[in-house]
Every structure is written in C-alpha cells, then in structure tokens.
Amino acid sequence: MYKIQNTGWIEVITGPMYCGKSEELIRRVRRAKIAKQKIQVFKPIIDDRYHKTNVVSHNGDQVEAIPIDHPDEILKRLNPKTDVIAIDEIQFFDQQIIGVCEELADRGLRVIVAGLDRDFRGKPFGPMPQLMALAEYVDKLHAICVKCGNPASRTQRLIDGKPAQYDDPVILVGAQEVYEARCRKCHEVPG
Ligand code: ADP
Ligand code: ZN
C-alpha cells in the first residue's frame, strides 16, 4: 500500500482456510512497522488455534496481538498514537465490528482486517459481506484444493473423516474434526 495522507480506509483480506489471510496480515503489519507506523493488532479470544496472544499463520509466522472478546474493546484499548489497526479472524465478531471499523477509518486510521468469507456450508460468514462492501480494498485469496489442485475458495469441514452435514452443530463434543481447503467442484455439504 502506498502512503496515503490525511485519510483512513479499510482493507479486507479474505478467502477460505489456508489461503494465507494471516500470512498476508502479518506481512502488512511488518511493513507498517518498517515504515515506523504505530500499529495495534487484535484478535478474538475464541481463536486459540496456536497461541493465545499471537496471530499465527499456518506457515509458522507470527505477530503479537491483543485478544479481545467484544468489538468495543478495540476503541477502549486504542492508543491515541496508533496509525494502523489490524484485526485477524474478524468473522467471529458480531455485527458491531462493522461500526468499529468504520469509526476507526473515519478517524483517519488504516484498518486491515482478515477473515473467512464463508462458513463450512459455503454461506457468507457473519459481518464479512458488509465489511467487504464498505472496504476501500478487498483481496480475495485462494488456497489449493486438496482434492484436485484447483484454486480453493471454500472450507471443507470433515467430522470423523466424513463431510459435515449442512445442519451439523458448529461445536461437536468428542468428534474428530478437521477443515481443509477445497474448490467449488470438490466442496461437499450433504443434507
Ligand atoms: P489462513 O489465515 O487463510 O487460514 P494462513 O496464513 O494461516 O492461512 O496459512 C497459509 C499457509 O498454509 C500457506 O502458506 C501454506 O504454507 C499452508 N497451507 C496448508 N495447506 C494449504 C492449502 N491447501 N493451500 C494453500 N496453503 C496451504
Ligand atoms: Zn477441487
């Protein structure tokens, strides 16, 4: 991103699991640091995939983040000197996150957000459709389909090795769950 003066904006990085959203968010955070900008990174507490307080990519890259459980906390914890806000796994926040991102961009901050555009059923995820519409910049990344090698736009949920049913609960106690990247043709949602 080039230096744009006296205005804020929203950048969305989106796509399925493994498409490199966290990797790209971390890359942008590092570059902002090189430019000596003051940056704060947030993530929802719900995401304890690898680390409670870091944003961690599947490729092992990581950057320190502030874990929060409500969008309001971003405004409360905002340092007045901050130039750039980055938020990972933004799909897990409720609709209030949209107003928070708009408020920050209106105040002149660069707001970088990363999140899944679809849930395992292939449906738009939480606040993502709104954020993608309101953002100045949207990058839709692709993973590699593990079945056929095509660009993958969807996240396949497998429960005990079988494709999850459309109405399977989001949290299943005791089941072996995995997620993988798949293309439109290979994505399966029975039921
Ligand atoms: P996201 O945040 O979108 O889930 P990450 O940044 O955590 O993505 O991980 C991206 C990394 O995942 C890639 O650089 C690659 O090393 C690894 N990876 C594992 N499986 C796949 C796949 N099917 N397609 C692409 N990358 C994959
Ligand atoms: Zn495929």
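This is a predicted model: local features need pLDDT of at least 70, side-chain atom pairs count only at pLDDT 80 or more; totals for chains, interfaces and linings use all residues.

User: Which protein donors does the zinc ion (ligand 2) have?

Analyst: Its donors are the SG atoms of Cys145, Cys148, Cys183 and Cys186, at 2.3 to 2.4 Å. Donors are N, O and S atoms within 2.8 Å of the metal (3.2 Å for Na, K and Ca); water is not among the atoms, so sites may look incomplete.

User: What is the geometry of the zinc ion site?

Analyst: The site is tetrahedral, with angles of 102 to 118 degrees among the four donor atoms; the term requires all angles to lie between 85 and 135 degrees.

User: And how are the donor residues spaced in sequence?

Analyst: The spacing is C-x2-C-x34-C-x2-C. Cys148, in the loop between β9 and β10 (151–152), and Cys183, in the segment after β13, are 35 residues apart and link distant parts of the chain. Strands here are DSSP runs (E, at least two residues), as are helices (H or I, at least four), numbered from the N terminus.

User: Turning to ligand 1, how many residues surround it?

Analyst: There are 16 residues around ligand 1, and the closest are Tyr18, Lys21, Glu23, His58 and Ile144; a residue counts if one of its heavy atoms lies within 4 Å. Helix α1 gives the largest share of this shell, three residues.

User: Which backbone atoms approach its oxygen atoms?

Analyst: A backbone N or O atom of Cys19 lies 3.2 Å from an oxygen atom of ligand 1, and one of Gly20 lies 3.0 Å from an oxygen atom of the ligand. Polar contacts are pairs of N or O atoms within 3.5 Å.

User: Finally, what is the strand order in the open sheet of three strands?

Analyst: The order is β12-β11-β13, with antiparallel pairing; strands pair if DSSP finds at least two bridges between them. The edge strands, β12 (162–163) and β13 (177–182), each pair on one side only.

Methods. Residues are numbered from 1 along each chain as its sequence is written. Chains are lettered from A and ligands numbered from 1 in the order in which they are written. Side-chain values use heavy atoms; hydrogens and water are left out. A polar contact is a pair of N or O atoms within 3.5 Å; within protein, one must be able to donate a hydrogen and the other to accept it, and residues adjacent in sequence count only if both atoms are side-chain atoms. Four donors count as tetrahedral if all angles lie between 85 and 135 degrees; four count as square planar and six as octahedral if opposite donors are over 155 degrees apart and all others between 65 and 115; anything else is irregular.
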